[in-house]
Structures are given as structure tokens and as C-alpha cells.
Amino acid sequence: MSTPRAWSVAGVVTGFAGLAVSYFLAMATTIRDSPLVAVAELVVRLTPGPVVERAIRLTGQHDKTLLIVVLMLISAAVFAGAGRLARRAWWLATIVFAVLAALGGLAVALQCDATTLDALPVAAGFATWLICLWALTAPLRRHERARATAPVPDPAHSDHTRRTFLLRVGVVAAGGVVLGVFGRAVGRSRRHVEATRRLLRLPGVTQPVPPPDARVDVEDMTPWVTPNDGFYRIDTAFVVPAIEPDDWALRIHGMVDREIVLTYRDLVDRRLTEAWVTLNCVSNEVGGDLIGNAWWSGVRIAGLLRAAGVRPGADAVLQTSEDGWTCGTPLEVLTDDRDAMLAVAMNGRPLPIDHGFPVRTIVPGLYGYVSACKWVVDMEVTRFADIEAYWTKKGWSELGPVKLSSRIDVPQSGGEIAAGGARVAGVAWAQHTGIAAVEVSVDDGPWQPADLAGVPSTDTWVQWVATVDVPPGDHTLTVRARDADGLLQTGVEQDVLPDGATGWHTIDLTARDPDSG
């Protein structure tokens, strides 16, 4: 019974039992992150920007889930190794678990606004490791001592050892599962927040009514309005903050004459602004889908900053999320005529939790990494020379203005059109500047103008449609745009780092003769 495999099993069950206890305590005490999640977030913070960008490109919105899975697999291997070390000496395995606990404690301590209470799950998990390691390895150790002293192996003793070991493994494993499930149920504050969100009624928030001429009449065209559940989500939160509106507050401070603290009620009692605004991520590649258009309702930030009284010399606002994420936003774009707002609603409903409920920041014309702070709780008026935000530490540029871009949506690359004349369509965007023209080219030939749909403002994308006349066969289709200032979209290809991708979106398509076969 006392085989290397049994010692490995003892280590793995011990390890995951400790993780289950720490998870349960984190959920039961409403600590936002368990130690494992804190480690995952530390990995993300320490990972160089190009590596993070490549992970997003390869895995899309599943990058955080994949990292958790990888950490679990690595943990299982380390736990198994600790179990085998315990066969040689109990204190060797203790050192392994102590190092893991120290790593978890460090990750927790480095989180935003960490307190002594945040270390409780780590301490409890470590204690669980020590207790379970002793409980699971004791039968194995007794069996090895008996074999070493007995001249003839005793089958009855071996059977008793096996039953004892398996019983203890089963009890510990079952206990870990129960604690994990119970902790998830007990700590599901998100459920309560979601119920609050569903019942919340916001006076002044209206339902979205898209302009009648905003959509081109082309089958399979991307909707002009992006539904909430289809809106892209890129953030660093492994555990999405679940904040009750009554518990939310925003502090505006720094280089101001008067510090302001706003509650949720203070905010929604102010005059609301509503606007169509297209948001896109700096990680969006040429032709990518990390972009969406929605009807946002909120309070303009310019008025709040006027009330605070911005002091001379300030040029930035450092925004901080409930989860500790930060971004530096140019003060100028928060105080000019654009609809930069603290949004409380999206497409006529309170913000989804995943998109920043109860309050997030919306700034037309900037990439999200320098402006779109979800779960925003702090705004410090400051100077760029005095701050360094989350993504700028990883190599992204400081200001982040959206770049003029266009995309082909119909047909998709590899699709088919009718030879002799077919309609192709897509979108173009240059938020807070506007699109003046879109052109398409077949097989690198002459540029042909496309027709533009209507838009309510320069802060949204615009749909376009063109008719191309091509012979049967395989072809390429390319699109480019010109903004309202006369700037022509560059065809120079650039990666998303450090300030957004550039280049013309090109697809492959096949033209079929409608009269053939």
C-alpha cells in the first residue's frame, strides 16, 4: 500500500483541501479574492505587456480561465511532489507548503487595500495542509515501519492500512468539495447584487432608439447596436467586483480645491446625459471584434471636476477601480465638449456587473485602457509626470487616442459573393472625429467609394456598403476610411503595442457565377 503513488495522492488531496478551506474563508468573509486568484492576478501584473497581449490574442476572453487552469495543474504537480517528499521526511513537505503559503500571502498583501483579514484564508489553508498531511500520511508511515520490523508481511495489516488511508482520503476530499461548493454559495454576493441590479429603476434613463438610417440593408451585417451580452469584455479581474449601490462611493481628490465624495444616490440624482458611444480595446487587431456600440446613460465628468475646482498644472486623472486596476486619463478629454461620463446604465438598463456595475467611466475617442474604468471608486486629479497606470507599466503608450479604422463584415474572409455585382458591407470608426468616406478595392485595384449610413454623432461607428463588380474566381477585398478631418487611414501595418493596431483590413473571397450549376 505504501507506494510512491499513494504518497502522491496524499499530497494532492492535502493540497486541494487547503485550497478549498482558503477559498471557503475568502468567500464567507467576503474577501474579494481567494489566495489562488490573488496569485493569478499577481502573475498578470508581473507579466510583460507583449506576453499579455499575445495571450489575449490567442485565447480571447478566456485568458483568465486558462491561467487559473494552468495554475491548478502546476499546483497539483507541486502537491504530488510534496507528498513524495513527506515519505522521506515530514518536514520537507512542510517546507514546500510553507513556501506556497508565503507566495499566496505575498500575492494577497500586494493587492489594492489589502488588510490583515485578507491573510486569514492563507493562514487557514496552511494549517489545513499541515493537519491533512499528517492525517493522510500517518497510515502510510506506520505501514512502512511495520514492514521494516516484521520478518514476514502481514496481509491483515496491509488491508487495514489500505482501508484507513482510503477512508481518510475520501473524507478529506469530500470535505474539500463540500467546503468549495458551500463557500461558493455563501459568498455569492454577486447574486444579491444582481438581484438589486435587476430591480433598480433609474429615473431619466431612456430606452435606446437607434437612428432609422444607421443600418445598411445587407444580410448578416453586424448590428449597429451591440447587445449587452454580446459586448466585448477585456479586463484584469479574475473575480468581478460585486458592489451594492448603497456601498459604492467615488472620491475625487488630488489637485483640486475641494475634495468630493459622491454616493450612488448623489450621482443618479444629478442631471443625466445619454449618448451613443462606440468603445474599442487597444488589443483589437485590424479586422478584430473587440469593439461595440451602446446607448450609455450617466453624469458628465466635466461638471464634477468643475465643482471640485481643478488646480493649475494638472493634466491627468488617475482612475482606480474597486479591484485596484488603474488608468491615467488626459484631463483635457474629461473637460471638453465630449460626453465623457460616469455611466450608470447601458442600453437602457443598469450596467451589467461584468461591465462595471454600479458605475464605470466612458470617454469617447480613447481606448479603454486609458479611460474605461469599470467599478470606478477613485479619481485623483494629478499630472502624468507623477503617475504610472496599470497598462502603461507594461509598455502601452500614455494617451491612447483611438485610431482611424475600418472593417469588412460581409462577406467574412473565405466567403462567397455573386460575380458580376455584389454588395459588401462593414463598419468604420474614428470616435469624436467622425468618418467622412469609406473606399474598397478589389485585388489591389482602383479604390471605389462606399455609401455611408447615418450616425447620431461622431462618437459612434458608421456602417458602409458598396457594390463590387468582379469576375468569377478568387479575389481579395480591402477597405480603408477617411475621417472628417481629411486624414486617410494608413495602410502601414502595426501591431497593437504600444498604442493600437494599424493597417487596412483585407479578406479573401470567391465570386461565383450565378448562372453556373
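Reader: Hi! Is the crossing of α2 and α5 left-handed or right-handed?
Author: Hello! The crossing of α2 and α5 is left-handed, where left-handed says that the near helix is turned anticlockwise from the far one by less than a right angle. This is a predicted model, in which local features need pLDDT of at least 70, side-chain atom pairs count only at pLDDT 80 or more, and totals for chains, interfaces and linings use all residues. Residues are numbered from 1 along each chain as its sequence is written, and side-chain values use heavy atoms, with hydrogens and water left out.

Reader: Thanks! Which residues of α2 and α5 make the contact?
Author: From α2 come Pro 35, Ala 38, Val 39, Leu 42 and Arg 45, and from α5 Leu 103, Gly 104, Ala 107 and Val 108. Contact means heavy atoms within 4.5 Å.

Reader: And at what angle do the axes of α2 and α5 cross?
Author: Roughly 70°, with the axes coming within 8 Å. Axes are lines fitted to C-alpha atoms, for helices over the stretch in contact, and angles run from 0 to 180 degrees between N-to-C directions. Helices are DSSP runs (H or I, at least four residues), numbered from the N terminus.

Reader: How many residues of α2 are buried?
Author: Nine of its 12 residues are buried (under 20% relative accessible area, with a 1.4 Å probe and protein chains only). Among them are Leu 36, Val 37 and Glu 41.

Reader: New topic: where is Thr 226 found?
Author: Thr 226 sits in the loop between α8 (189-199) and β1 (249-254). Thr 226 is buried, at a relative accessible area of 8%.

Reader: What does Thr 226 touch?
Author: Leaving out residues up to four places away in sequence, Thr 226 touches Phe 231, Gly 292, Asn 293, Asn 347 and Trp 461.

Definitions and conventions:
Helices (H or I, at least four residues) and strands (E, at least two) are DSSP runs, numbered from the N terminus. Buried means under 20% relative accessible area, exposed over 50%, partly exposed in between (1.4 Å probe, protein chains only).
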